[in-house]
Amino acid sequence: MTTTSTRILSLPQARRVAIHAQGLARTGRQARPPGTVTMGHLQRMIDRVGLLQIDSVNVLARAHLLPAFARLGPYDSALIDRASRGTAARPRRLMESWAHVAAYVPPETFQLLRYRMARSRHAGFPAKVRRTHPETYDHVLEVVDERGPITAGQMHELLGHERGPKDHWGWNWSVAKQVLEACFFTGELAVAHRTSQFERAYDLTERVLPLAARALPELDPADAQLELTDIAARAHGIGTVRCFADYFRMSIGEAKAAVTRLVAQGRLQQVTVQGWDRPVYLHAEATVPRRTQARALLAPFDPLVFERRRLLELFGTHYRIGIYTPAEQRTDGYYVLPFLLGDEIAGRTDLKADRARGTLEVRTAFRESEGPPPSVVASEMAQELRECARWLGLSRIEIADGARGDLVGALRQVV
């Protein structure tokens, strides 16, 4: 009788697996493009990470733009806008969907999420809207069918709807907006594009979804969950059931059942990571590189830092975004970006793009306690700040008056 021993990885090895899986290693094929970043570069990045979370906060740059900068360096952000629009000759490469909350995903992944859209027609917010406003619901769909892409502002003006009170996270949705969002949840409508004010323009899903994706069969929930978990696990390289579930906001039960099937198929292998006391799985396509030259400012919504417990267990980094915290309770700042260096989170910094003054403002800068020396972290961070300023079209970097953090002094000397 033979026994198969469980593969054992050190924590640094596991970190390098995760960094490489996310396309952040900067070695070999993951080196930043030496010249102009093309749509091909962007497509390979999308294929690797699987999704880009969307958020409206624009203090530095919109959330879906930052992961591409971290992996590709300075690039024309219009590439992502083009990828999310498409034409008959050049079908769109990205669809907006409720994936990891609001996110851009490839059209094929949008189709994998259709089972959740179908479920939402009978429960929660969409079902309530349809039940409460049945005539408006039908009328809104008729208007979209007739007129094509339309924003919520255009719709509620057309229908003469008033906005409601601001009583929940600043929302003051008119009935028209509620219906449009409900139809987006259910998949009856899709986002054709975002306006220059970042408003959604809604259209019938069959007019937005590329023909090739429409031809794909709609999977039953268990098979769709299997495919989504595989995408999540490949993007992680290594992780737990909870990590994989979080990527597409699946339930733990759904992800656990999918992981069991993926292990049986040889797509996942259970491994032991020293210091990680939960079952951990390594994806079949993951590599365990000996080194990484990673250096990146990671957005609060970057896929590498989505799952905060994983970030703590893997990198030893306790991280909370400041935008949801009252100002007097923020410890690290408002829009705080972890700074990845090598195979460690070496620091964090709160940044603001002051476009009126052409300035990238550093408001806090902290070094992680177990990372490289302050002089090294500051020098490497300064190089990345210069790249970021160049990408954003900002002519200077400024350490703000009253800037806080144990890295501010060292950073001031090299910026």
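Guide: We shall discuss a helix, its cysteine, a pair of helices and the sheets. This is a predicted model, in which local features need pLDDT of at least 70 and side-chain atom pairs count only at pLDDT 80 or more, while totals for chains, interfaces and linings use all residues. Residues are numbered from 1 along each chain as its sequence is written, and side-chain values use heavy atoms, with hydrogens and water left out.

Visitor: How far apart are the end C-alpha atoms of H10?
Guide: They are 17 Å apart, which agrees with the 16 Å that the 12 residues of helix H10 (residues 175–186) should span at 1.5 Å a residue. The expected span is 1.5 Å times one less than the number of residues. Helices (H or I, at least four residues) and strands (E, at least two) are DSSP runs, numbered from the N terminus.

Visitor: Which residues of H10 are buried?
Guide: Among them are Ala176, Val179, Leu180 and Phe184. In total, 9 of the 12 residues in H10 are buried. Buried means under 20% relative accessible area, exposed over 50%, and partly exposed in between (1.4 Å probe, protein chains only). Just after H10, Gly187 has a positive phi of about 85°.

Visitor: And Cys183, buried or exposed?
Guide: Cys183 is buried, with a relative accessible area of 0%. Cys243 is also buried, and its relative accessible area is 0%.

Visitor: How many disulfides does the count come to?
Guide: The count comes to 0 disulfides, a disulfide being a pair of cysteine sulfur atoms within 2.5 Å.

Visitor: New topic: at what angle do H8 and H9 cross?
Guide: The axes of helix H8 (residues 134–147) and helix H9 (residues 152–159) cross at roughly 115° and come within 12 Å. Axes are lines fitted to C-alpha atoms, for helices over the stretch in contact, and angles run from 0 to 180 degrees between N-to-C directions. H8 and H9 are therefore roughly perpendicular to each other (under 35 degrees counts as roughly parallel, over 145 as roughly antiparallel, 65 to 115 as roughly perpendicular and the rest as oblique).

Visitor: What is the order of the strands in the sheet of 5?
Guide: The order of this open sheet is E11-E12-E13-E14-E15, with mixed pairing. Two strands pair if DSSP finds at least two bridges between them. Strands E11 (295–297) and E15 (396–404) are at the edges, each pairing on one side only.

Visitor: How many bridges join E13 to E14?
Guide: Strands E13 (residues 344–354) and E14 (residues 359–367) run antiparallel and are joined by 8 bridges. Leu351 stands opposite Val362 in E14.
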